[in-house]
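Please keep the sequence and the structure in view while reading the points below.

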Amino acid sequence: MKRQIFAPEHDAFRETVRAFLAREVLPHYEQWEKDGIVSRDAWRAAGKQGLLGLAVPEEFGGGGTSDFRYSAVLAEEFTRAGAPGIALGLHNDIIGPYLTSLATEEQKRRWLPGFCDGSLITAIAMTEPGAGSDLQGIRTHAEDRGDHWVLNGSKTFISNGILADLVIVVAKTTPEGGAHGLSLLVVERGMDGFERGRNLDKIGQKAQDTAELFFHDVRVPRENLLGELNGAFVHLMTNLAQERLSIAVSAIAAAEHLLEITTDYVKEREAFGRPLATKQHIRFEIAEMATECAVTRAFLDRCIEDHANGTLDAVHASMAKWWATELQKRVTDRCLQLHGGYGYMTEYPVARAFTDGRIQTIYGGTTEIMKEIIGRSLLG
């Protein structure tokens with residue numbers, strides 16, 4: 001089915017993204033995988049190409065558009081290229097809204113130009129060793145000292161943790177914490193007491209630096225409070241719909257791309273003297289995956305359109321996130337199976353997709369959390 005949500009300007013942007021990937025990302029990606037980190041040069045190149053800060057006002061160097069369809073194009077093309085390591089989606093779609101909607105004018109002038117030109121890489125630090133989806137369990141805390149906060153605690157599984165120059169930290173600013181006692185504090189590279197731990201060894205997305213962060217009596221200036229004091233819970237909930245939609249967009253793009261690759265493979269690969277594509281079981285497998293992808297694509301495109309119009313709610317974003325990522329997991333596994341032994345070889349895209357994509361049902365809220373959100377909305 002022909003997609004209806006994109007205009008000519010989105011198609012032109014897609015060509016720009018593909019050219020950027022071919023020129024600045026794919027020639028270096030294998031080395032980044034070995035290094036466990038992306039070159040900062042790639043971030044600066046992305047900024048120069050206009051791929052950072054799409055929704056940031058032009059006065060700060062951004063694209064000046066709130067049209068989420070541009071972000072969807074970016075996510076789709078990076079997914080199809082098999083290059084999740086350079087986390088532009090995290091920077092643009094997850095962290096960007098906090099800075100554009102919550103930052104003061106002084107903070108915007110201080111941070112947004114670098115955010116857009118690639119000289120200032122960002123991260124958000126929520127997860128702790130004992131607290132993932134449950135924000136009530138956050139133990140990192142900040143003590144008010146008048147003109148500054150004293151921040152103590154630790155975070156883990158932080159994407160961009162090694163490269164980040166600016167980290168939005170979720171911390172307790174009241175003894176009880178929880179829904180009414182968390183705040184967002186911005187920690188900047190070079191602050192005394194801010195230390196980075198290991199660049200964590202993951203099973204996939206090797207080029208994407210994921211780190212432990214430690215805060216030992218870090219003096220965070222008063223002017224680095226982002227948003228309302230004790231208002232982090234509401235701020236976090238407000239931005240989760242876009243984060244989850246972004247993950248879902250990359251998930252369906254991954255499933256569709258793997259289906260294309262596998263369809264071509266079974267046409268060429270022979271078994272018992274005939275192409276695999278002539279076997280009824282193979283045709284049924286391809287038919288099932290194609291149908292599942294087509295149905296999911298229709299729903300996702302509607303969600304993208306609704307979000308671009310400002311009407312997507314948290315429940316439908318949660319539906320999109322759990323369904324698309326579980327579909328990606330299922331399709332990836334079936335496509336690897338259809339590749340046989342070759343599917344287990346890292347030189348084949350399906351093998352890397354298998355490990356790179358496994359995190360999708362976990363981060364941004366697990367499948368189980370998504371179902372809980374949906375269930376509560378229906379049953380109270």
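1. Buried area is the accessible area, found with a 1.4 Å probe, that two parts lose on being put together, summed over both. The size of an interface is often given as this lost area. Here, domain 1 and domain 2 bury about 2,000 Å² between them, and 64% of that lies on carbon and sulfur atoms. On the domain 1 side, Ile37, Arg40 and Trp111 lose the most area to domain 2, together 23% of what that side buries.

2. The model is a predicted one, in which local features need pLDDT of at least 70 and side-chain atom pairs count only at pLDDT 80 or more, while totals for chains, interfaces and linings use all residues. Residues are numbered from 1 along each chain as its sequence is written, and side-chain values use heavy atoms, with hydrogens and water left out.

3. The protein chain is divided into domain 1 (8-120), domain 2 (123-229) and domain 3 (233-379), with bounds that come from an automatic or database domain assignment. The centres of domain 1 and domain 2, taken over C-alpha atoms, are 23 Å apart. Contact, meaning heavy atoms within 4.5 Å, involves 23 residues of domain 1 and 24 residues of domain 2.

4. UniProt, in an unreviewed entry, lists residues 123-218 as "domain: Acyl-CoA oxidase/dehydrogenase middle". UniProt positions are given in the numbering used here, feature names are shortened, and annotations may be inferred rather than shown by experiment. That span is 0% helix and 50% strand, and its end C-alpha atoms lie 17 Å apart. Helices (H or I, at least four residues) and strands (E, at least two) are DSSP runs, numbered from the N terminus.

5. For residues 236-379, the unreviewed UniProt entry gives "domain: Acyl-CoA dehydrogenase/oxidase C-terminal". This stretch is 76% helix and 3% strand, with 24 Å between its end C-alpha atoms.

6. Helix H5 covers residues 88-102, and its end C-alpha atoms are 20 Å apart; this agrees with the 21 Å that its 15 residues should span at 1.5 Å a residue, because the expected span is 1.5 Å times one less than the number of residues. H5 bends by about 45° at Gly96, and Pro97 follows within four residues. A bend is the angle between axes fitted to the seven residues ending at a residue and the seven starting there.

7. Twelve of the 15 residues of H5 are buried, that is, under 20% relative accessible area (1.4 Å probe, protein chains only). Among them are His91, Asp93 and Tyr98.

Methods:
Buried means under 20% relative accessible area, exposed over 50%, partly exposed in between (1.4 Å probe, protein chains only).
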